[in-house]
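Subject: Structure handover

Hi,

Here is the structure for you to open. My notes on it follow below.

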Amino acid sequence: MQKRINHYLLSTILTLLSYPANATVEFDTTLRMNIQDLSASNGQIFDEKDTTSWFTALDVSSEFNGIRVAATANWMKIAGGSELNVQVSEAYYDFTLGDWFASVGKKKLDWDVGYGFRPLDMFSPTDSLAVYTAVPPGAWMVVGDYFTETGSVSLVCNETTPDYLEKGVKVAASAGCGGRYYRYFESFEAQAVAHYDEKLGVRVGGSAVTVIGDSMEIHSSLLWQQRHRMPIFDPRILQSDSFIPSVQTQWQRGSLQALMGINYSFRFGMTLIAEYWYDGRSPSNTQWRDLIRAADGNIESHQLHVMRGHFATQNLFRDNLLLHLRTSSTTWQPTLTWVVNPSDNSMLIDGKLCYSGFKNSPLCGGIRQYVGGNESIYEQLSFDKTWYFSTELKF
C-alpha cells in the first residue's frame, strides 16, 4: 500500500514539473552522494568486516498553489549488497480556514529546540547525530495554526512512527491528536505540548528558550510519555533450554525525556553548543552491563544475533553529554562533536570539514570514532571508525 502511495505522489511531482513555464511552479532538485569507509569493531554481538558503503540520492521537491510534494530516490550499496528505494518525505496542501492556517497530508512537524536530541520531535523523529542524514520524513496529519500577537495555538491529528526497531524494522505507525500553545516574551519564548496516541498514550511536555546578552542562548525541552517500548535482556534464559529470545520488547509505563543546553558565540567566530539529555526509554546501565558480560561469554552465534535487539532505541543509553564546536566561516566550516555516556565512558568523536567555495556544491569530509574500551556500549556497535565524504549538486 505504501509503495502505491509513493508511486502516486512521485507521479504528482512529475505532473507539476510538466506545467508550462508561465505557471507558478517552484521546484528544487538535488543530487547527493555519500561514501563511507567503515572499520569493524571487536565486539561480539555484530560480526562485521571492514567495508565501504556508497549512498546516492536524487531529491525532487515541487510547490504549486499551496501544494508541496518532496520525494527521494536513493541507491545504497554496502558489503556486497545494494538497495534501490523511493520515498515520499512530504506531500501536503496548505490552505486557510477563517483565521486558521491549515495543512493536510504528509508533513514534517518538529517543535523541539535542541541540537543533539529533540524530545519534541514527536511524530517522525530523526537522528541529529547521524553521519549522513537524509531528507527528514514527515507524518500523515491534519494540522491547524492560529496566530496571535504574542504566539500561536496549534491543533493536530496525525500518525506517529517511533524511532524503535523490532527485528531490524521500524515499528508500525499509530494515530492520535493533540495541540500546542506557543508564547513569545521579551528575550524569552516557551511552549506547552499535549498529545494522546492510541499506542503511546498521553504525552505532555514543553520547551523554553532565552537569550542572555549578545552571545549566549539557553534552551531546554521536556516530554513525559505514558507508554513506551523497551528491549529487556534476561540472562537467565541463556542458561535454560527455552526457545524464548533473551532480548524481548516489552511495554513500559512512564518515561521522561529531558534536555538542557547552551549555545555560546565567541567573538572570533566560533560557536559552542553544550547539552545534557536524559532518555528514560533507553535500557538502564545495569541492563547493558548484563548484556555485554553475557556476550563476552561462551555463547552460540544465534544467541548473539538475538542480542542485537537491545540496540533498538533512539538513544542507546539514558544519560548523554554533548559538546559541539563550529565556525561561522562562509568558505571553510570545520566542526567537532563529542558525545559521552558518563555511566560507562562510551564516547563518540566526530570531526568534519566542509568547503563551500563551489556554487551549489558543498564538499564535506570527516572521521567518526567510537571509543571507551571493550566493555563500553559504543564499542559493541558494528563499526568503531568511519571515514566519510559527501557532496551535493543543486540544480
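Start with Cys 177: its bridge partner in E11 is Tyr 196. Strands here are DSSP runs of E with at least two residues, helices are H or I runs with at least four, and both are numbered from the N terminus.

Two notes on the source. This is a predicted model, where local features need pLDDT of at least 70, side-chain atom pairs count only at pLDDT 80 or more, and totals for chains, interfaces and linings use all residues. Residues are numbered from 1 along each chain as its sequence is written, and side-chain values use heavy atoms, with hydrogens and water left out.

Now the strands. E10 (residues 174–185) pairs with E11 (residues 188–197) in the antiparallel sense over ten bridges. Pairing requires at least two DSSP bridges between the strands. Two residues separate E10 and E11 in their hairpin, and Ser 187 there has a positive phi near 60°. E11 also pairs with E12 (residues 201–212), again antiparallel, over ten bridges. Gln 191 has Ser 207 as its bridge partner in E12. Three residues lie between E11 and E12 in that hairpin.

Next, the cores. A nonpolar core is a set of buried Ala, Val, Leu, Ile, Met, Phe, Trp, Tyr and Cys residues joined through side-chain atoms within 4.5 Å. Buried means under 20% relative accessible area, with a 1.4 Å probe and protein chains only. The largest core has 27 residues; Phe 233 and Leu 291 are among those touching the most other members. Helix H3 (285–295) is one of the elements that supply at least two residues. H3 gives the most, with five. A second, separate core has eleven residues, including Phe 123 and Val 193.

Best wishes

Notes: Buried < 20%, exposed > 50% of the residue type's maximum accessible area, 1.4 Å probe, protein only.
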